[in-house]
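Please look over the sequence and the model shown here before reading the notes that go with them.

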Amino acid sequence: MILKVRKHGDPVLRMRALPVKEITKEMLTLAGNMLETMYAVDGVGLAANQVGIPVQLVVIDIGEGPMTLFNPRIVKHNGEETSGREGCLSVPGLTGEVTRWDKIVVEKLAENGSASERLEAEGLLARALQHEIDHLDGILFIDKATDIMEEQAENEV
Ligand code: ZN
């Protein structure tokens, strides 16, 4: 099911998402619908806030297959920052330069829901994850961006 992507100005985008206690069937259905929505609008990432549900759930596909992350948080970075242009499905038609960590380690709930596991990310995946995790904290890229321009982003998240 394709969900409505909330746009800048919608208060849900400014809410802090609640942690997922258990990966229920409903949560998996939501994740599936978010992936379907993300593909339908040609995005590479989507946070649950962006479809109006403030829970800590993110989906991403940077062209290497779908990823679903419950309760993702950054636990480590390599200290190196890099600047890059970003756009957001919730802030259509704008891009801006955002500084992000180069390489990160993200902790998330394991698929069985009983433990946490870690994944390493760099490049576009690291950038997309940081953008989405910001969404879960009610932060939009325009809060951090410099050189904001009216244009369509290459990879919207
Ligand atoms: Zn976004």
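This is a predicted model: local features need pLDDT of at least 70, side-chain atom pairs count only at pLDDT 80 or more; totals for chains, interfaces and linings use all residues.

Residues are numbered from 1 along each chain as its sequence is written, and side-chain values use heavy atoms, with hydrogens and water left out. Helices (H or I, at least four residues) and strands (E, at least two) are DSSP runs numbered from the N terminus.

**Zinc site**

- The zinc ion has as its protein donors Cys88 (SG), His131 (NE2), His135 (NE2) and Val157 (O), at 2.0 to 2.3 Å; donors are N, O and S atoms within 2.8 Å of the metal (3.2 Å for Na, K and Ca), and water is not among the atoms, so sites may look incomplete.
- Along the chain these donors follow the spacing C-x42-H-x3-H-x21-V.
- The pair Cys88 in strand E5 and His135 in helix H2 (residues 123–136) links distant parts of the chain, 47 residues apart.
- The angles among the four donor atoms run from 95 to 143°, and the site is irregular; four donors count as tetrahedral if all angles lie between 85 and 135 degrees, four count as square planar and six as octahedral if opposite donors are over 155 degrees apart and all others between 65 and 115, and anything else is irregular.
- Cys88 is buried because its relative accessible area is 0%, and His135 is likewise buried, at 1%; buried means under 20% relative accessible area, exposed over 50%, and partly exposed in between (1.4 Å probe, protein chains only).

**Strand pairing**

- Strand E5 (residues 81–88) pairs with strand E6 (residues 91–101) in the antiparallel sense over eight bridges, where two strands count as paired if DSSP finds at least two bridges between them.
- E5 and E6 form a hairpin with two residues between them, and Cys88 stands opposite Val91 in E6.
- E6 also runs antiparallel to strand E9 (residues 146–150), joined to it by three bridges, with Leu94 opposite Glu150 in E9.

**Helix H1 and the segment before it**

- Helix H1 (residues 25–40) has 16 residues, so at 1.5 Å a residue it should span 22 Å, which agrees with the 22 Å between its end C-alpha atoms; the expected span is 1.5 Å times one less than the number of residues.
- The buried residues of H1, among them Met27, Leu30, Met34 and Met38, pack against strands E1 (45–47), E2 (57–60) and E3 (67–70), with contact meaning heavy atoms within 4.5 Å.
- Leu3, in the segment before H1, touches Leu30, Asn33, Met34, Thr37 and Val51, not counting residues up to four places away in sequence.
- Asp10 is also found in the segment before H1, and because its relative accessibility is 19% it counts as buried.

**Positive phi angles**

- Most residues other than glycine have a negative phi.
- Asp42, which follows H1, has a positive phi near 65°.
- Asn71, in the loop between E3 and strand E4 (73–77), has a positive phi near 55° and is buried, with a relative accessible area of 17%.
- Asp147 in strand E9 has a positive phi of about 50°, and because its relative accessibility is 48% it counts as partly exposed.
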